[in-house]
Amino acid sequence: MTDALALLSFGPEGWGDELARGVLVTVALALCTLPIGLTIGFFVALAKQSEEPSLRLAGNIYTTIFRGLPELLTLFLVYFGVQIGINALLKLLGSGTTVEINSFVAGMFALGVVFSSYASETFLSAFRAIPKGQYEGGYAVGLSYGMTMRLVVLPQLIRIALPGLSNLWLVLLKDTALVSVVGLSDILRQTSIASRVTKEAFFFYGIACLLYLALALVSGAALRRIELRTERGTSR
Amino acid sequence: MRTHVEKPPPVARPWTGARIAGNIVVALWALTGIGLAWYLATAWNAELVDKYGMRFLSGVGTTFTLVGASLVAGALLSLPVALARLSKNRLVNGVAYAYVYAFRGTPLLAQVFLVYYGLGQFSDALKAAGLWWFFRDAWYCGFFAFTLNTAAYQAEILRGAIQSVPRGQWEGAQSLGLPRAVTFFRIILPQALIVALRPYGNEIILMIKGSAVVAIITVYDLFGQARWVFSKTFDFQAYLWAGIMYLIIVETLRILWDALEARLTRHLKR
């Protein structure tokens, strides 16, 4: 027991501070990915419920591709592919410099794209749950398309989509662990280093799992509060 | 008697902003697709294909056997877990809930590491117990972690499906004097499995995608082979081909599963 506490202490001997930094990186990555994923996901859903067939097709291609690829492969495609692409472009322009992509940014984009393809489905089913009369009512009182969206549809959309989006957030939190493979010092990478140095693999990977569980618990509680708040106006 | 019907002229579809934008995006997708095909065609190298083509196919085989074995073992394990989750005994229910929550709340990669590296630490005890041959091998470790993981997900699918069967079905069987086990296996479970069909399909696809993480613990599945080929050749095609193969596998499975579902639920169609 004292051994475990010594291993987790904050200081040069213990790994507490490294693990804490790992937690911060994981949370930061998930929080930075969320707005990208939500924004792209919303617009893809908008395209998929449009009356214009070409827009629907474009949206469906997007979801098919990014829901079909393994998250880890998407990450590698972004991490190596963009790097190779940029360097080829620089070579073409006659520049001798090579660029290395930050694993945080690559993770942000790869996970954002994956998140958005799932979120677009959630948004789409929420869009379908809103009756047409809501739009017609908006137009009848003279609101423009944008204002109807913002003032009438969006508040209901968020309430309906929230349970699905909460699930996606928990999935995102777990998917950030994949970015440790391309070198991001998140929870899993820090615990890997600790376990290699101390030869206490089971202990440290167990700690990693507990940390992810704690993050899931905390965000689960927070999401429930948000859900209750969005349901203030509805009666049961 | 009319022989000639005057049809209204077709309504001209105006070039709205949405239509222009949609056409542009579709054109961009088409360009990307053509560019990718062109790149793969020009980079096609018979020597490389000879050398590494079979590796990709064996990778697909490994992915299928690993995922298939874990799904079947997970399905067997999920039944007692789902029943425990339905139990009124608070201790049994609590243990099952903790298991499901723990495996659904942590990343698959961390679970795989915990099994492969974490249990490796206890190699002496495992050797004494005669289990070392199992936990020494990366494939078995991946299989073990995947089974525990998918069992947790499948247990929740099964629980939801069993609860969706109306109580009248239990009561009807009881009034006929059927034992509980017969009621469960012959009446409740078949109806529950129909409800569970779609989530099971999603779980299979999630497992195929998730199984890519075993490449990190040196199992040569499809992604593992792509990584190996990339490390030898530094040819980006390796990942592109792996991506195309994953897309084909997932889309084929989705279409097959839709057909299966349509066939199995044809008595429910109105």
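Which helices of chains A and B do the buried residues of α11(B) pack against? They pack against α3 (53-68) and α4 (71-92) of chain A, together with α1 (17-42), α2 (46-86), α9 (180-210) and α10 (222-233) of chain B. Contact here means heavy atoms within 4.5 Å.

A word on conventions before we go on. This is a predicted model, in which local features need pLDDT of at least 70 and side-chain atom pairs count only at pLDDT 80 or more, while totals for chains, interfaces and linings use all residues. Residues are numbered from 1 along each chain as its sequence is written, chains are lettered from A and ligands numbered from 1 in the order in which they are written, and side-chain values use heavy atoms, with hydrogens and water left out.

Let us stay with α11(B) for a moment. This helix covers residues 237-264 of chain B and has 28 residues. From its first C-alpha to its last it reaches 40 Å, close to the 40 Å expected at 1.5 Å a residue (the expected span is 1.5 Å times one less than the number of residues). Its buried residues include B:Tyr239, B:Tyr246, B:Ile249 and B:Glu261. Buried means under 20% relative accessible area, exposed over 50%, and partly exposed in between, with a 1.4 Å probe and protein chains only.

Now to chain A. It has 9 helices and 0 strands; helices (H or I, at least four residues) and strands (E, at least two) are DSSP runs, numbered from the N terminus. The C-alpha trace of chain A spans about 70 × 60 × 25 Å along its principal axes. Of its 236 residues, 48% are buried. Among contacts in chain A between residues at least 6 apart in sequence, 72% join residues at least 24 apart.

The largest nonpolar core holds 97 residues, and A:Phe127, A:Leu188, B:Phe223 and B:Tyr239 touch the most other members. Helix α5 (residues 103-129) of chain A gives this core its largest share, 10 residues. A second, separate core of 22 residues includes B:Ala82, B:Val100, B:Leu158 and B:Ala192. A nonpolar core is a set of buried Ala, Val, Leu, Ile, Met, Phe, Trp, Tyr and Cys residues joined through side-chain atoms within 4.5 Å. Leaving aside neighbours within four places in sequence, A:Leu188 is in contact with residues of both chains, among them A:Tyr205, A:Tyr212, B:Leu109 and B:Phe113.

| Residue | Relative accessible area | Class |
|---|---|---|
| B:Asn149 | 6% | buried |
| B:Val25 | 32% | partly exposed |
| B:Thr218 | 51% | exposed |
| A:Lys199 | 62% | exposed |
| B:Glu6 | 69% | exposed |

B:Asn149 lies in helix α7 (residues 138-164) of chain B. Apart from neighbours within four places in sequence, B:Asn149 is in contact with B:Phe103, B:Leu108 and B:Gln111.

For B:Val25, the setting is helix α1 of chain B, whereas B:Glu6 sits in the segment before α1.

A:Lys199, in the loop between α8 (187-198) and α9 (201-230) of chain A, has a positive phi of about 60° although it is not a glycine. B:Thr218, in the loop between α9 and α10 of chain B, has a positive phi of about 65° and is not a glycine either.
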